[in-house]
Amino acid sequence: MDRRRLAVVLATWFYAGRFPVAPGTVGSLCAWAVASFAAHSFGVPAWTFSVAAVVLLPVAVWSAGTATEAIGSDDPPSIVIDEVIGMWIAIAPVATGSWPQWIAAIVLFRAFDITKPFGMRRLERFAGGRGIVADDLAAGACAMIGTLVVRWAGF
């Protein structure tokens, strides 16, 4: 497999981003489902996915940047690896069994990712894959704080 094809496979999160409706939400749901399944079925702490997001970050920047060249667009909706990283950051404070926290993490992440408050939209100005990933990192961090508040409130 050549590097451009590999980049597209990773950037679209194994083609989840090719879903014809709301690919960003589909990518987020895929990331959420993987983490939730691992936590609830195997006891994997949710915070480990935040560590995985940090480890995956250089791969995300590379694949998003390379995939934009292959696809021929600056920020194609099919690139969802940034949503995966943001979602995994958002779930860091989630306790393994708390469904309200899991639901808060995805709702808050999608809300921050779509609305891009607090100047997040400016982060998209970075060149290449860095701009694609940066705003989702910020959305994930904001959602992580919100999820922490939900946890702190006892839900």
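S78 is buried, with a relative accessible area of 12%; buried means under 20%, exposed over 50% and partly exposed in between, with a 1.4 Å probe and protein chains only. This is a predicted model: local features need pLDDT of at least 70, side-chain atom pairs count only at pLDDT 80 or more, and totals for chains, interfaces and linings use all residues. Residues are numbered from 1 along each chain as its sequence is written, and side-chain values use heavy atoms, with hydrogens and water left out.

**Overall architecture**

- The protein has 6 helices and 0 strands; these are DSSP runs numbered from the N terminus, with helices being H or I of at least four residues and strands E of at least two.
- From the N terminus, the order of elements is α-α-α-α-α-α.
- The radius of gyration is 15 Å, which agrees with the value near 15 Å for a compact globule of 155 residues. It is taken over C-alpha atoms, and the globule rule is 2.2 Å times the number of residues to the power 0.38.
- The C-alpha trace spans about 45 × 35 × 30 Å along its principal axes.

**Burial, surface and charge**

- Of the 155 residues, 48% count as buried.
- The protein exposes about 7,600 Å², and carbon and sulfur atoms supply 71% of that area. Areas come from the Shrake-Rupley method with a 1.4 Å probe; for residues, only the protein chains shown count as cover.
- There are 11 positive and 10 negative charges, and their mean positions lie 2 Å apart. Lys and Arg count as positive, Asp and Glu as negative; His and the chain ends are not counted. Each charge is placed at NZ of Lys, CZ of Arg, CG of Asp or CD of Glu.

**Contacts across the chain**

- Among contacts with a separation of 6 or more, 72% join residues 24 or more positions apart; contact means heavy atoms within 4.5 Å.
- A7 lies in helix α1 and is buried, at a relative accessible area of 0%.
- A7 touches W62, S63, T66 and A67, not counting residues up to four places away in sequence.
- The C-alpha atoms of A7 and A70 are separated by 8.6 Å, although these residues are 63 apart along the chain.

- S78 sits in the loop between α3 (47-71) and α4 (81-90).
- S78 touches A11, T12, G17, R18 and I71, leaving out residues up to four places away in sequence.
- In α4, 10 of the 10 residues are buried, so this helix is largely enclosed by the rest of the structure.
- The buried residues of α4 include D82, E83 and W88.
- The buried residues of α4 pack against α1 (3-11), α2, α3, α5 and α6 (128-152).

**Aromatic pairs**

- The structure holds 7 aromatic pairs. Rings of Phe, Tyr and Trp (its six-membered ring) pair if their centres lie within 6.5 Å; planes under 30 degrees apart count as stacked, over 60 as edge-to-face and the rest as tilted.
- W32 and W99 form a tilted pair, 6.0 Å centre to centre with 50° between the planes. W32 lies in helix α2 (residues 23-42) and W99 in helix α5 (residues 99-115), so the pair ties together parts 67 residues apart in sequence.
- W32 is buried at 17% relative accessibility, whereas W99 is partly exposed at 40%.
- W32 and W102 have ring centres 6.3 Å apart and planes at 85°, so this pair is edge-to-face. The pair links helices α2 and α5 and so ties together parts 70 residues apart in sequence.
- Both W32 and W102 are buried.
- W13, F14, F49 and W88 form one aromatic cluster.
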